[in-house]
Amino acid sequence: MEATQPVSRRPSLLPWTPLIVAAFASYGPVGWNYGFALYFLNYNHGFVKRGLVGELFSHFTYLTRGQLLLAEYLFLAAAYLLCYVVFRPTLFRNRETSLIAVLLLSAPAALPHIGYLFAQPDVTLFLLLLLCMWLLFTMPPLTAACATIPLCIIALCAHEAFSLMFYPLVVAILIEQCRTRRLPWIALIAHVAIIGAALLAILHFGTLKVSPDTILQESTARTDVGVQRQVYDVMASSFAEQRALVVRLYTPGIWRSFALTFCIAAPYFFLLGKLLRRSMRAAAMPSWQQAITCLLFLSPLMLCYLGHDFTRWIGAACMSTSLFILALAQTNTAVRESLTQWTNNENIAAWLAYLIAAGPMGATGIRSAELLLAAWSGR
């Protein structure tokens with residue numbers, strides 16, 4: 001990777017804005033949280049997909065509400081810390097580059113999004129993605145490509161949706177390294193082939209071996225907080241049954257939340273697309289690479305077919321896009337200068353105020369849209 005310039009050591013509150021915004025979004029009930037149930041899904045009945053985090057916690061015979069809250073906040077704190085470690089050269093270089101990083105990391109589908117989702121598995125997947133990026137930034141390209149393979153497989157074991165949520169960002173970075181001849185194309189092909197084979201193996205061998213009732217009974221015996229059964233039902237259902245569940249969950253209220261979310265977030269989507277296009281052009285990417293990169297970042301939307309968390313998948317697409325722009329800004333002088341020029345010609349304070357006010361992406365809507373609809377309906 002390109003050598004970075006010295007980092008500015010002048011104290012400033014600006015780089016800490018994403019962390020402050022994320023901290024305000026970092027809350028959530030442990031009870032009846034969908035991801036909370038994954039703490040109790042383990043390998044006691046054989047290998048099962050999404051069981052990795054639960055296996056790590058399986059030696060705890062009982063988990064109280066306080067212990068679960070502590071675990072989830074520790075995961076969040078680790079994610080925030082690693083994000084600042086990975087993007088420190090951009091966040092703290094100078095005011096111009098810091099503005100870009102702050103803008104992207106304070107956006108609805110960034111640190112506030114992770115903070116609002118709060119629980120498993122998204123925080124864990126985000127952590128593993130950041131660790132992959134740190135390796136890609138700090139190690140020789142071929143060594144980093146090899147080192148990220150086990151991390152991506154671990155992420156797939158935590159939740160197979162990593163394959164479409166965040167793995168496309170790893171592929172996009174590897175493509176850029178191949179195009180600029182820092183990495184052989186065969187390494188990219190091998191990387192994608194190994195991760196693809198791992199995904200197929202996890203999907204094939206990771207089926208639930210017992211009834212969801214059995215897992216639910218074991219889970220409720222290990223905590224004083226209610227466990228949502230839905231995650232275990234999904235684990236045991238076929239694709240057709242999952243599709244039927246999705247159709248049933250798309251209520252008129254959810255559709256209203258979607259519509260209002262798109263209205264509120266439309267300027268954000270426009271801004272992100274504009275910055276991505278500007279960054280790719282500044283990096284002198286050929287049109288074929290620009291097209292592939294855009295398709296990679298849109299791939300999480302394919303999960304809408306099997307999951308009702310519509311804006312969660314939109315959030316994953318926007319987050320990967322944001323992190324890719326930051327990666328280019330951190331490793332490519334031309335991209336950094338182009339983005340700096342943009343910040344000098346735009347009212348960044350207005351953009352930042354809008355992004356913070358829009359609120360984080362939830363599972364089925366942007367937070368401000370959900371609050372407005374709740375107020376309108378009197379709930």
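Reader: Is Ala101 buried or exposed?

Author: Buried means under 20% relative accessible area, exposed means over 50%, and partly exposed lies in between (1.4 Å probe, protein chains only). Ala101 has a relative accessible area of 0%, so Ala101 is buried. This is a predicted model, in which local features need pLDDT of at least 70, side-chain atom pairs count only at pLDDT 80 or more, and totals for chains, interfaces and linings use all residues. Residues are numbered from 1 along each chain as its sequence is written, and side-chain values use heavy atoms, with hydrogens and water left out.

Reader: Where is Ala101, and which residues does Ala101 touch?

Author: Ala101 sits in helix 5. Helices here are DSSP runs (H or I, at least four residues), numbered from the N terminus. Contact means heavy atoms within 4.5 Å. Not counting residues up to four places away in sequence, Ala101 touches Thr90, Leu91 and Leu326. Leu14 is 87 residues from Ala101 along the chain, and their C-alpha atoms are separated by 10.0 Å.

Reader: Where is Pro108 found?

Author: Look in the loop between helix 5 (95-105) and helix 6. Pro108 has a relative accessible area of 1%, so Pro108 is buried. Leaving aside neighbours within four places in sequence, its contacts are His113, Tyr268, Leu355, Ala358, Gly359, Pro360, Met361 and Ile366. Now take Ala357: Pro108 and Ala357 are 249 residues apart in sequence, yet 9.0 Å apart in space, C-alpha to C-alpha.

Reader: How do I read two packed helices?

Author: Two packed helices are described by the angle between their axes and the distance between the axes. Axes are lines fitted to C-alpha atoms, for helices over the stretch in contact, and angles run from 0 to 180 degrees between N-to-C directions. Take helix 15 (residues 252-282) and helix 17 (residues 310-331): they pack at an angle of about 25°, with axes 10 Å apart. That makes helix 15 roughly parallel to helix 17 (roughly parallel means under 35 degrees). Their crossing is left-handed. A crossing is left-handed if the near helix is turned anticlockwise from the far one by less than a right angle, and right-handed if clockwise.

Reader: Which residues meet there?

Author: Helix 15 brings residues including Phe258, Phe262, Leu272 and Leu276. Helix 17 brings residues including Phe310, Ile314, Phe324 and Leu328.

Reader: At what angle do helix 15 and helix 16 cross?

Author: The axes of helix 15 and helix 16 (residues 287-298) cross at roughly 145° and come within 11 Å. Leu276, Arg277, Met280 and Arg281 of helix 15 make the contact with Gln290, Thr293, Cys294 and Phe297 of helix 16. This crossing is right-handed. Look at Thr293 in helix 16. Thr293 is buried, with a relative accessible area of 1%. Leaving aside neighbours within four places in sequence, Thr293 is in contact with Ala172, Met280 and Phe324.

Reader: What describes a pair of aromatic rings?

Author: A pair of aromatic rings is described by the distance of the centres and the angle of the planes. Rings of Phe, Tyr and Trp (its six-membered ring) pair if their centres lie within 6.5 Å; planes under 30 degrees apart count as stacked, over 60 as edge-to-face and the rest as tilted. The structure holds 18 aromatic pairs. One of them joins Phe162 and Phe166, edge-to-face, at 6.3 Å centre to centre and 70° between the planes. Both Phe162 and Phe166 are buried. Trp255, Phe258, Phe262, Tyr268, Phe269 and Phe310 form one aromatic cluster.

Reader: How many disulfides are there?

Author: A disulfide is a pair of cysteine sulfur atoms within 2.5 Å. By this rule the count is 0.

Reader: What should I know about phi?

Author: Most residues other than glycine have a negative phi, and most peptide bonds are trans. Arg50 has a positive phi of about 70°, although Arg50 is not a glycine. Arg181 also has a positive phi, near 65°.

Reader: Are Arg50 and Arg181 buried or exposed?

Author: Arg50 is buried, with a relative accessible area of 7%, whereas Arg181 is exposed, at 78% relative accessibility. Arg50 lies in the loop between helix 1 (17-25) and helix 2 (52-56). Arg181 lies in the loop between helix 10 (167-179) and helix 11 (185-205).

How values were computed:
Helix = DSSP H or I, 4+ residues; strand = E, 2+ residues; numbered from the N terminus. Parallel < 35°, antiparallel > 145°, perpendicular 65-115°, else oblique.
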